[in-house]
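Please examine the following structure together with its sequence. The report below describes a pair of domains, an annotated site and the relation between the copies.

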Number of protein chains: 2
Amino acid sequence: MAARRARNDTASNQANEPSSQVLKLGEDRPLRLDSGKTLTPFQIAYETYGTLNEARSNAILICHALTGDQYVASRNPVTGKPGWWELMVGPGRVVDTDRFFVICSNVVGGCLGSTGPASINPDTGRAYGLDLPVITIADMVRAQVMLIDHFGIDRLFSVIGGSMGGMQVLEWAASYPERVFTALPIAAGARHSAQNIAFHEVGRQAVMADPDWCGGRYIEEGRRPEKGLAVARMAAHITYLSETALHRKFGRNLQDRENLTFGFDADFQIESYLRHQGMTFVDRFDANSYLYMTRAMDYFDLATDRGGLLADAFANSPTRFCVVSFTSDWLFPTAESRMVVRALNAAGASVSFVEIETDRGHDAFLLDEPELFAAVRGFLDSAARARGLEPVL
Amino acid sequence: MAARRARNDTASNQANEPSSQVLKLGEDRPLRLDSGKTLTPFQIAYETYGTLNEARSNAILICHALTGDQYVASRNPVTGKPGWWELMVGPGRVVDTDRFFVICSNVVGGCLGSTGPASINPDTGRAYGLDLPVITIADMVRAQVMLIDHFGIDRLFSVIGGSMGGMQVLEWAASYPERVFTALPIAAGARHSAQNIAFHEVGRQAVMADPDWCGGRYIEEGRRPEKGLAVARMAAHITYLSETALHRKFGRNLQDRENLTFGFDADFQIESYLRHQGMTFVDRFDANSYLYMTRAMDYFDLATDRGGLLADAFANSPTRFCVVSFTSDWLFPTAESRMVVRALNAAGASVSFVEIETDRGHDAFLLDEPELFAAVRGFLDSAARARGLEPVL
């Protein structure tokens, strides 16, 4: 079994990588970065689910979002919580691990086992901090290609991801079209908008304003910019929801049902909800990684990177696309998905487009959205028949 | 001349109130607050423009927004910039100071001469800080009523304001209907939404996370939470614009036209624009005042304060209303204005409603929007005839 062989090839877990498999790439296999620098040595932490078939044709790569991780369908050892997309991925689920071999890796620049700013810089023996080169979406994908090569997979049956994960999907399809049979970018776009860059910049400034950030060297100082990172998360979290959802869920409901306190504690439920989001986030995420992840999204612009015409990014693409957006997503509005669809049409690619009616905003891609599941299931089933994958027994 | 007499009655300027008139209200005239507390002594800094007629029937009160001030149509002595609404208010302007007597006062809780958290608490001899009771929109209006009484004005010809100023307009009309001939709430609503409370909470947390905030006692510590306040302003500023306007103005344009820097400096123009907004704001605004102003908006809910039915707030209102919204305003979307209009209709009030097509977002009320000027001019002219105000000679 290829999957099992792969497991045995890789190094065992380290103390700060509680359960993932890790692919270590030595100085003979550096990661070329868009910045012109190289990252070496480096490593990729990943999880797999299901079994790679003999033809190595049933592999699906799941790409995670800004603060996601490789635990797409298994318990996250840091938070103790279920995998972040267990509604979508698992035995009998839409992305059926009884049928497909699912790979999910922590992106380079992340903080859950892949090389990131909290990793040790071999040149100094200290954590990289901001000495880690800036990582782009293309860099993340380039590392994923090395992981896929490691499994001996020539062509992925599918690359699937939402938000920043969707950006990686588009990058995969644009840069490695022959290696991607189907691509599912969900709640994403081919570039980050000015407003989205603006929100990210607020978050970065919040982190860097925290004196415990120490110019990015907080690890060796034994400090953590928790307050700044919490503020960044709070601001970002608002953009993941929708006004309608916030109104429905919280409205102007008070913590104490009767009375305003006439003070600055959390009077409204939305306030304590947001504070909770901020506080729990700092327990699971590295502040510098947050800077790197947001920067990667800001830098993403598939058209500019291809000379200005988005359609050129997909010229002669053999990949089948299914683009999904949500009506109430104001971080990646449907217009951004339509722009991708138009470019794919102009490039003559095979594309289906689904806009899903929901009031749950950007986060809808992670939630129980039956229409989303139906769309993805239908698309994958059809593609599996075309690819000649045997049906589930 | 009543206006001149009023000027002579008031105290002269203090060092930190560079040019405004100030009405000082002693312990015999305390300000009753919604919190149940009283503020005494306290003072209101204000500017006037034009001349109050003999009948005292041509007075217009302009209510300022969150970080506004009394310098609606004259140079702000702190920033050295023109008045914040000189496009709307001044000789020959829509709110014509050759015709109307215009009053604009700094709200209680503010930081430009009216009593606020930076003022000296007479009980301690130190700045109030968070010992100032929480101020509500109704409290601000109650103080304005005392200012209007001071001028001997029974009935204002109009109360006009945008955003938090529009909340004050609605509060005036609801609580003092006989004293308001016309009311123009612009880009406002009868309550603050969950999403708006959420953004305000992010801003407050950013301020309070700054160690230079010192639990609100930064003045006596000789410090200023500039970084936290700048982050708060940056987050808020995004909500004042629209995605379309940001895209048109900045898009993904780079500071250096050619190259990404692959770092965390401001690569994109939107980033340096936002940083500039944050940095200039801290020079003109007090951090604690920012907490108080945001709290006042969060607490505003005209319906709940009146037993739950918004229409009840305007029952038998003699006031003529003109409600204005902007299509791209997502802080106070048109739906919020429509809710006010429906309540006014249900209450049998006289109301006209104008939704102005613009892509400039919430800030449109401060900008050169010819449709806005035309609507306000037409409404005021018609009302002036009804009120028997003589035409401009």
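R248(A) and D359(A) form a salt bridge whose closest N and O atoms are 2.7 Å apart; the term denotes a side-chain nitrogen of Lys or Arg within 4 Å of a carboxyl oxygen of Asp or Glu. The model is predicted: local features need pLDDT of at least 70, side-chain atom pairs count only at pLDDT 80 or more, and totals for chains, interfaces and linings use all residues. Residues are numbered from 1 along each chain as its sequence is written, chains are lettered from A and ligands numbered from 1 in the order in which they are written, and side-chain values use heavy atoms, with hydrogens and water left out.

Chain A is divided into domain 1 (2–191 + 304–387) and domain 2 (196–296), with bounds that come from an automatic or database domain assignment. The C-alpha centres of domain 1 of chain A and domain 2 of chain A lie 26 Å apart. Between them, these two domains of chain A bury about 2,700 Å², 62% of it on carbon and sulfur atoms; buried area is the accessible area (1.4 Å probe) that two parts lose on being put together, summed over both. On the domain 1 side, L66(A), T67(A) and W330(A) lose the most area to domain 2 of chain A, together 24% of what that side buries. Contact, meaning heavy atoms within 4.5 Å, links 34 residues of domain 1 of chain A with 33 residues of domain 2 of chain A.

The UniProt annotation "binding site", from an unreviewed entry, covers R233(A) and D363(A). They span 131 residues in sequence, yet no two of their C-alpha atoms are more than 14.0 Å apart, so they gather at one spot. UniProt positions are given in the numbering used here, feature names are shortened, and annotations may be inferred rather than shown by experiment.

| Residue | Relative accessible area | Contacts |
|---|---|---|
| R233(A) | 9% | T67(A), Y240(A), Q277(A), G278(A), F281(A), R284(A) |
| D363(A) | 16% | H237(A), Y240(A), L241(A) |

R233(A) is buried, as is D363(A), where buried means under 20% relative accessible area, exposed over 50%, and partly exposed in between (1.4 Å probe, protein chains only). R233(A) lies in helix α6 (residues 226–240) of chain A, whereas D363(A) is found in the loop between β12 (350–356) and α12 (370–387) of chain A. Helices (H or I, at least four residues) and strands (E, at least two) are DSSP runs, numbered from the N terminus.
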